[in-house]
Amino acid sequence: MELTERKLKILQAIISDYVKYAEPVGSRTLSKKFNNAISSATIRNEMSDLEDMGYLTHPHTSAGRVPSDKAYRLYVNTMMGKVEIPEADQELIRETLKADIDEFDKTIQRAAELLSEITSLASFALSPSQSEDRLKFVNLLPIDDETVIMMIVAESGKSSNTLIHMRVPYTTEMLQVLSKSITYSYRGKRLTDMLKQDIITDFQNDISAMDALSGNIMPNFMRTLEDLLNVNLYTNGLSNIFDIPEFSDLQRAKNFISLFDRDNKAQFVRKLADRGDGMIVTIGSENSEDDMKDCSLITATYHVNGRFVGKIGVIGPTRMKYGEIISVVEYLSDNLNNAFRLNKGGEDGSDDE
């Protein structure tokens, strides 16, 4: 059976109507949309053919039809047009990400918030894998006589902080010297390489005069490096699903939210990390997890300095405005690419001459 032009026209009308109203679409409704140019009887026959071809399903409680995953896939691949994002949303994305450019984690988190605000869906952003990232600078900041904050910043802009309870006395000047020494010794080195080396012993040998202080600082330095390599998942707008008819069933809503709870979060992160580069849309049954069979997942990649790859996207019901949402995800990821392509000032947090 062939997908004729008339069948495609009817299928597109059904998808458009169902996405808008979340109600099965009947032949009379479609006939009116076509100004009665196609009779209800002809439309019913075409709908029956489309159902046989797997593009429509027929709910038992209604005479109307609803699109299948196969129909949405056809729509995304061949029928969906480019949707222009409202200028107000474009400006909001540009200005917000520009404002947060110097704070890597805050920028990623705000991007997820923006995506949820604009699409009214659950959104997420996955920070890049830092396996190739390199050290930019280290800073030691005194809090009180017994407490110091260690801040490590990578070349990507990602930072990690650790609160250290000191076992030996110190001065602000000593911390500054130690910060500069660590930065000088390891700036530009890959974080993963540093974790493989015995840099604690190496560093203590290099500055034996400060051996006791470095013995307190360097183990924390290694732990903070490990934290810096962790991938973070930021989510936003999970409560939006309660406004979506598909999730009016409480159990279904709970299953959806459970995708992001502590027990399943690592699995979801792995799924996102394993997705390829570029814009990827998986619809309903295309998702391998049972809890995602009724969901569509849209992801795009962004890059930091052209190297480190993160993911940003939305998850929601298969009935969604694919054209609009894909355009927003694409625009937001492009702006993240532009923001993270900029050199973030070059400051290393020290007072090197």
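**Figure 1. Asn35 counts as exposed, at 67% relative accessibility.** The model is predicted. Asn35 sits in the loop between α2 (27-33) and α3. Its phi is positive, about 55 degrees, although Asn35 is not a glycine. Asn36 lies in the loop between α2 and α3 as well. For Asn36, phi is near 60 degrees, again a positive value in a residue other than glycine. Asn36 has a relative accessible area of 57%. The cut-off for exposed is over 50%, so Asn36 is exposed.

**Figure 2. The chain as a whole holds 13 helices and 10 strands.** The chain has 353 residues, and 48% of them count as buried. Consider contacts between residues at least 6 apart in sequence: 63% of these join residues at least 24 apart. The remaining views pick out single residues, helix pairs and a sheet.

**Figure 3. Gln12 is partly exposed in helix α1.** The helix spans residues 5-21, and Gln12 has its place there. The relative accessible area of Gln12 is 35%. Leaving aside neighbours within four places in sequence, Gln12 is in contact with Tyr75 and Met79. Leu74 is a further reference point: Gln12 and Leu74 are 62 residues apart in sequence. In space, their C-alpha atoms are 9.7 Å apart.

**Figure 4. Asp17 counts as buried in helix α1.** The relative accessibility of Asp17 is 9%. Buried means under 20%, so Asp17 qualifies. Which residues does Asp17 contact, leaving aside its neighbours within four places in sequence? They are Ala22, Val25, Thr29 and Lys33. 

**Figure 5. Helix α1 crosses helix α3 at roughly 85 degrees.** Helix α3 covers residues 40-52, and its axis comes within 10 Å of the axis of α1. Roughly perpendicular covers 65 to 115 degrees, so α1 is roughly perpendicular to α3. From α1, the contact is made by Arg6, Lys7, Ile10, Leu11 and Ile14. From α3, the residues are Thr42, Ile43, Glu46, Met47, Asp49 and Leu50. By class, this contact of α1 with α3 has six nonpolar, one polar and four charged residues.

**Figure 6. Helix α6 packs against helix α13 at an angle of about 160 degrees.** Helix α6 runs over residues 104-119 and helix α13 over residues 322-341. Their axes are 11 Å apart. Roughly antiparallel begins over 145 degrees, so α6 is roughly antiparallel to α13. The crossing of α6 past α13 is right-handed. On the α6 side, the contact is made by Phe104, Thr107, Ile108, Ala111, Leu114, Leu115, Ile118 and Thr119. On the α13 side, Ile325, Val328, Val329, Leu332, Leu336 and Phe340 take part. How do the residues of the contact of α6 with α13 divide by class? There are 12 nonpolar residues, two polar and no charged.

**Figure 7. Strands β4, β5 and β6 form an open antiparallel sheet.** The order is β4-β5-β6. The edge strands are β4 (135-144) and β6 (159-165), and each pairs on one side only. On average, neighbouring strands of this sheet are turned by 20 degrees against each other, direction ignored. Helix α7, residues 172-186, packs on the sheet and touches β4 and β5. The direction of α7 makes about 165 degrees with that of β4.

**Figure 8. Strands β4 and β5 pair over eight bridges.** Strand β5 takes in residues 147-154, and the pairing with β4 is antiparallel. A hairpin through two residues joins β4 to β5. Two cross-strand positions are picked out here. Leu140 stands opposite Met150 in β5. Leu141 stands opposite Ile149 in β5.

Methods:
Residues numbered from 1 in each chain as written. Predicted model: local features only at pLDDT ≥ 70, side-chain atom pairs only at ≥ 80, totals over all residues. Heavy atoms only, no water. Pairing = 2+ DSSP bridges. Helix = DSSP H or I, 4+ residues; strand = E, 2+ residues; numbered from the N terminus. Axes fitted to C-alpha atoms, helices over the stretch in contact; angles between N-to-C directions. Contact = heavy atoms within 4.5 Å. Parallel < 35°, antiparallel > 145°, perpendicular 65-115°, else oblique. Left-handed = near helix turned anticlockwise from the far one by under 90°. Nonpolar A, V, L, I, M, F, W, Y, C, P; charged D, E, K, R; others polar. Buried < 20%, exposed > 50% of the residue type's maximum accessible area, 1.4 Å probe, protein only.
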